[in-house]
Amino acid sequence: MSIPQAKMELRPLGNTGLKVSSIGFGASPLGSVFGPVAEVDAVATVREAFRQGINFFDTSPYYGGTLSEKMLGKGLKALQVPRSDYIVATKCGRYQEGFDFSAERVTKSIDESLERLQLDYVDILHCHDIEFGSLDQIVSETIPALQKLKREGKTRFIGITGLPLSIFTYVLDRVPPGSVDVILSYCHYGVNDSTLFDLLPYLKSKGVGVISASPLAMGLLTEQGPPEWHPASPELKSACKAAAGHCKSKGKKITKLALQYSLGNKEVSSVLVGMSSVSQVEENVAAVRELEGVGMDQETLSEVEAILEPVKNQTWPSGIDQN
């Protein structure tokens with residue numbers, strides 16, 4: 001039974017040959033990390049995302065202590081469409097119990113993930129938040145282990161993820177060309193921080209596809225504001241709160257503006273957004289459609305950029321995070 005799919009812009013992902021939807025489905029909320037999500041709602045959310053043209057789904061064994069993978073697996077199975085109709089990324093190396101980038105652990109990890117996802121292979125297997133491990137181990141041990149998994153057909157492509165942008169150049173400069181197919185960066189391509197932009201020519205020169213996550217800067221760019229644990233400085237939190245308030249006073253939503261800003265650069269193949277309800281899917285897709293149709297609200301964007309100018313590109317150290 002095929003689900004009629006709405007059209008959405010598909011962008012090439014580096015040299016992989018994959019074409020991913022401009023907005024990707026971040027499945028961490030399905031692991032109930034931001035509040036409980038019932039299985040029936042998880043399945044409905046995945047179905048609605050697919051129906052709306054989203055073909056790229058991202059998860060990790062770390063999200064919700066494996067719950068996200070299980071829920072996403074159930075959602076994808078319920079679609080009852082050919083496996084080639086959707087693209088799945090999961091991760092290895094970061095778990096509820098801590099970090100382990102050893103060849104032995106990541107090799108075991110993919111088998112566990114495939115079982116939870118009810119899949120024979122994933123399209124992308126990322127090393128998750130590599131700044132918490134030894135980058136030299138990633139280069140000399142983890143990536144070679146993932147290449148073996150690629151040869152075995154358990155993953156089609158290999159990626160690395162993390163917060164500091166320097167980790168990507170460190171690894172990519174030290175592995176043979178073509179060893180890493182994709183990078184996933186978060187919180188560095190948004191209205192408040194666009195430092196990923198400067199790295200795009202380098203990544204392109206390496207033939208690496210670029211996925212950007214967290215266009216809302218882990219909750220900074222929302223009306224309700226970031227969670228308690230958010231590591232941003234008080235100054236940055238305060239500026240983002242002012243920007244959100246300004247949008248609200250004009251009857252606009254900062255979440256929509258922030259998402260559209262992140263989608264604006266086509267060198268970024270997909271922008272991952274966490275979703276855990278049908279209404280969130282609808283809201284995110286509506287923002288994409290509006291951007292494709294009438295474009296950005298440039299006036300409000302300029303005003304928000306002016307408010308955020310004093311804290312532009314201010315980041316925070318890796319530590320407590322929910323990526």
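## Terms and basis

A residue is called buried when its relative accessible area is under 20%, exposed when that area is over 50%, and partly exposed in between, with a 1.4 Å probe and protein chains only. Helices (H or I, at least four residues) and strands (E, at least two) are DSSP runs, numbered from the N terminus.

This is a predicted model, in which local features need pLDDT of at least 70 and side-chain atom pairs count only at pLDDT 80 or more, while totals for chains, interfaces and linings use all residues. Residues are numbered from 1 along each chain as its sequence is written, and side-chain values use heavy atoms, with hydrogens and water left out.

## Helix H2 and its ends

Helix H2 takes in residues 67–79, and at 1.5 Å a residue its 13 residues should span 18 Å, which agrees with the 19 Å between its end C-alpha atoms; the expected span is 1.5 Å times one less than the number of residues. The buried residues of H2 are Ser68, Glu69, Met71, Leu72, Gly73, Gly75, Leu76 and Leu79. An α-helix has 3.6 residues a turn, so residues three or four places apart point the same way. The cover over the buried residues of H2 includes helix H1 (39–51), strand S4 (56–58), strand S5 (87–92) and helix H3 (103–117).

Threonine 66 lies in the loop between S4 and H2, and its phi is near 80 degrees, a positive value in a residue other than glycine. Just after H2, glutamine 80 also has a positive phi, of about 55 degrees.

## Strand S5 and its partners

In strand S5, 6 of 6 residues are buried, and both faces are covered, with Ile87, Ala89 and Lys91 on one side and Val88, Thr90 and Cys92 on the other. S4 and S5 run parallel and are joined by 3 bridges, where two strands pair if DSSP finds at least two bridges between them. Within this arrangement, aspartate 58 stands opposite alanine 89 in S5.

S5 also runs parallel to strand S8 (residues 122–127), to which 4 bridges join it, and lysine 91 stands opposite histidine 126 in S8. Together, S4, H2 and S5 make a right-handed β-α-β unit; right-handed means that, with the strands pointing away from the viewer, the path from the first strand over the helix to the second runs clockwise.

A search of the whole structure finds 0 disulfides, a disulfide being a pair of cysteine sulfur atoms within 2.5 Å. The sulfur of cysteine 92 is 4.8 Å from the closest cysteine sulfur, in cysteine 127, which is too far for a bond. Cysteine 240 is likewise in no disulfide, and the nearest cysteine sulfur, that of cysteine 187, is 10 Å away. Cysteine 92 counts as buried because its relative accessibility is 0%, and cysteine 240 is buried with a relative accessible area of 1%.

## Two buried loop residues

Aspartate 181 sits in the loop between helix H5 (166–172) and strand S10 (182–186), and it counts as buried because its relative accessibility is 11%. Leaving out residues up to four places away in sequence, aspartate 181 touches Thr16, Lys150, Phe157, Ile158, Gly207, Val208 and Gly209, where contact means heavy atoms within 4.5 Å.

Methionine 218 belongs to the loop between strand S11 (209–213) and helix H7 (234–249). Although methionine 218 is not a glycine, it has a positive phi of about 55 degrees, and at 12% relative accessibility methionine 218 counts as buried.
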